[in-house]
Amino acid sequence: MSEIVTRFPPSPTGHLHLGGARTALFNFLFARHNRGKFILRFEDTDKERSKEEYVDSIIEALNWLGLHWDEGPYFQSKRLEIYEEYAKRLYSEGKAYYCECSKEELEAKRKAQLERGIKPHYDGTCREKGLPPGSGRALRIKIPEEITEIVFEDLLRGKIVFPPDEVDDFILLRSDGTPTYQFAVVIDDLTMGVTHVIRGDDHISNTPKQLMIYQALGAKPPQFAHIPMVLGPDGARLSKRHGARSILEYREEGYLPQAVLNYLARLGWGYGDQEYFNLKELIEKFDLSRVNLSPARFDPEKMLAFNAYWIKTLDSSEILKHLKPFLKSYPIEKYSEEYLKTILEGVKPRVKTLKEMAEMIDFYLLEEIELDEKAKEKYLTPKIKSLLERLIIDLDSLSFDDEKKLEEEFRALAEESGVKLKDLAQAVRVALTGKTISPPLFEVIKNLGKERVRIRLKKALEFIN
RNA sequence: GCCCCCAUCGUCUAGUGGACUAGGAUACUGGCCUCUCACGCCAGAGACACGGGUUCGAAUCCCGUUGGGGGCGCCA
């Protein structure tokens, strides 16, 4: 059996968003699972809207997700001669013809047809004119009259049948000589040896047109698998409002690529009761037969939950790698890699994003911490003053290396003073971290070390006075 | 308007004619754990869109209705 080849063909008219990323993921997984090839190709024949910056951002997003391609990126804009060649062939074989109808005329006719309640169609004005190529003329496919129905076997949905009037003599080459989407995809997929086209089901109705091109070319079409679209939380098409934001924005917000990937994979695909998968597992377990057919809504909350899961599950070294960009405002060069990894342990189960994580560990990294207003008013009270003083005096006798002992020592101190550990702990927590919420106190004390603890306790006392 | 696709808890899903008192995840509620907040654990509430068939038996198969989505460009 020949090698399986899939491709992801974004048009660089916008950033990579969730829907596109999922399509890329499914194509990537299918190729990898079958030890095939995954191609990246930019469909940039729309000169007006295609932008270089989008090419860059799409590439960056794919790399960030770890969706590496084996071939490409190709650019349709650089393959114009190829399309021309095939176009010429169709023209010379009488399977395509030139058309001189103006856009305005066509638009008017389309409107009229729509109003009359019939399916908009090119009326064939130029079909039999035998026009030679010329400026301002577009090349149209000549759909054979004997077509009765157009059928194809979708890998996921089985047989899909279209009535013959579903396709008209659509345009292959625009009047400026550039190929339309329909023509370019077909020629590209054909010449690149694409065997499986996995794309959103919004392309189902494009398929008959593309099949007509394959037929005119006498070529064998690839296999098609139309996956359901990703909708916004409200069930409407994904838009700027919800998930159409760039994948890179999620990176900015503190999402891990593992989480985004895992979440995306579970949108329209399931594997028994398993929820969490890393890339390797996805490659192992992914197969088209388990893809759902109904459109899936994007649920930001669930993606957040997945992110929290991966943050607490992944090794601290892996987390640290992704966290570093969020640590820019802290003097992290003062701390060893080991130290940074150690302090992450306590915060991992407490945050949902890397951004939150960076905020939560600030007291470990900053020389001077700021005490939260409400926190200090509530917990750093005169009542606790003598206890803190006592603590400072006792500092040298505390077991800074051992969380368990430290806790016992604190318990003893609290009991002796007739204070609940709870109250003592909160006061110390505020003194050391500036906040009422933090990793476990004794872990904090241990990681902070005696000197920083001393300084911060003194600061807290100053505040009480 | 015409054509196409789809239909299980709010959401993502498991389920491929009997193992279904319909399972898991997330979100929600209550409890446990506890130095805070989380995590974790336990419990609860919550769905087969509707109507007809087929069958000894339908969430599962067929038809229709309804609902949702998509397409009908010299956009992709």
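Start by selecting Cys99, Cys101, Cys126 and Glu128, the residues at which an unreviewed UniProt entry places the feature "binding site"; UniProt positions follow the numbering used here, feature names are shortened, and annotations may be inferred rather than shown by experiment. These residues span 30 residues in sequence, yet no two of their C-alpha atoms are more than 13.1 Å apart, so they gather at one spot.

This is a predicted model, in which local features need pLDDT of at least 70 and side-chain atom pairs count only at pLDDT 80 or more, while totals for chains, interfaces and linings use all residues. Residues are numbered from 1 along each chain as its sequence is written, chains are lettered from A and ligands numbered from 1 in the order in which they are written, and side-chain values use heavy atoms, with hydrogens and water left out.

Next, select cysteine 99, which sits in strand β4 (residues 96-99); helices (H or I, at least four residues) and strands (E, at least two) are DSSP runs, numbered from the N terminus. Cysteine 99 counts as buried at 2% relative accessibility, where buried means under 20% relative accessible area, exposed over 50% and partly exposed in between (1.4 Å probe, protein chains only). Beyond its neighbours within four places in sequence, its contacts (heavy atoms within 4.5 Å) include Tyr122, Cys126 and Arg140.

Move on to cysteine 126, in the loop between α4 (103-115) and β5 (138-141), where a relative accessible area of 0% makes this residue buried. Setting aside neighbours within four places in sequence, cysteine 126 touches Tyr97, Tyr98, Cys99, Glu100, Cys101 and Leu131.

Finally, select helix α8 (residues 257-265): nine of its nine residues are buried, so the helix is largely enclosed by the rest of the structure.
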